[in-house]
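Work through the exercises below with the sequence and the model open. Try each task before you read its solution.

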Amino acid sequence: MQYFRVNELGKPIDVLESNEDKDPMVLEGWTDSFYDPMYDFENETWFEGMSEEEIDLIKNTQQQPSELETIKQESQLNAMAIMELTELLLGGM
């Protein structure tokens with residue numbers, strides 16, 4: 001089990017292997033999946049610190065191909081077009 005030292009806002013600032021000193025600002029880790037985990041001291045639970053809009057922005061950014069991937073795709077399309085054009089020109093002779 002991992003433990004996290006949190007600041008006064010509930011944001012993790014350090015990862016620890018244990019809480020032998022019983023520091024109240026060191027908490028057991030969460031089991032859910034979060035983009036930006038935050039701790040709610042009042043309810044003693046972890047929650048998502050990002051808004052749905054922020055998460056959607058991250059997801060959309062991750063889905064866009066990189067510039068290198070785009071160049072590779074364009075290069076493959078160009079190579080296929082050249083092969084087809086070559087076949088048309090040489091095949092028509």
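**Exercise 1: Overall form**

The chain has a radius of gyration of 26 Å, whereas a compact globule of 93 residues would have one near 12 Å. This is a predicted model.

Task: Find what the C-alpha trace spans along its principal axes, and what share of the residues counts as buried.

Solution. 
- Step 1. Take the principal axes: the C-alpha trace spans about 85 × 30 × 20 Å.
- Step 2. Apply the cut-off: buried means under 20% relative accessible area.
- Step 3. Read off the share: 18% of the 93 residues count as buried.

**Exercise 2: Order of elements**

Task: State how many helices and strands the chain has, and in which order the elements run.

Solution. 
- Step 1. Count the elements: there are five strands and two helices.
- Step 2. Start at the N terminus: the order is β-β-β-β-β-α-α.

**Exercise 3: Salt bridges**

Task: How many salt bridges does the structure hold?

Solution. 
- Step 1. The count is two salt bridges.
- Step 2. Take Asp-23 and Arg-5: they form a salt bridge, with the closest N and O atoms 2.8 Å apart. Asp-23 sits in the loop between strand S2 (12-16) and strand S3 (26-28), and Arg-5 in strand S1 (residues 3-6), so this pair ties together parts 18 residues apart in sequence.
- Step 3. Judge that pair. Asp-23 counts as partly exposed because its relative accessibility is 23%. Arg-5 is also partly exposed, at 28%.
- Step 4. Take Lys-11 and Asp-36: their side chains meet in a salt bridge at 2.4 Å, N to O. The pair links distant parts of the chain, 25 residues apart. Lys-11 is in the loop between S1 and S2, and Asp-36 in the loop between S3 and strand S4 (37-40).
- Step 5. Lys-11 has a relative accessible area of 32%, so Lys-11 is partly exposed. Asp-36 has 18%, so Asp-36 is buried.

**Exercise 4: A charged patch**

Task: Which residues form the negative surface patch?

Solution. 
- Step 1. List the members: Glu-52, Glu-53, Glu-54 and Asp-56 form the patch.
- Step 2. Recall the limits: exposed means over 50%, buried under 20%, and partly exposed is in between.

Conventions: Residues numbered from 1 in each chain as written. Predicted model: local features only at pLDDT ≥ 70, side-chain atom pairs only at ≥ 80, totals over all residues. Heavy atoms only, no water. Patch = residues over 30% accessible without salt bridge, like charges linked within 9 Å, V, L, I, M, F, W, Y side chains within 5 Å. Areas by Shrake-Rupley, 256 points an atom, 1.4 Å probe, with all protein chains shown as cover. Salt bridge = Lys/Arg side-chain N within 4 Å of Asp/Glu carboxyl O. Lys, Arg positive; Asp, Glu negative; His and termini not counted. Charge placed at Lys NZ, Arg CZ, Asp CG, Glu CD. Helix = DSSP H or I, 4+ residues; strand = E, 2+ residues; numbered from the N terminus. Buried < 20%, exposed > 50% of the residue type's maximum accessible area, 1.4 Å probe, protein only. Rg over C-alpha atoms; globule rule 2.2 N^0.38 Å.
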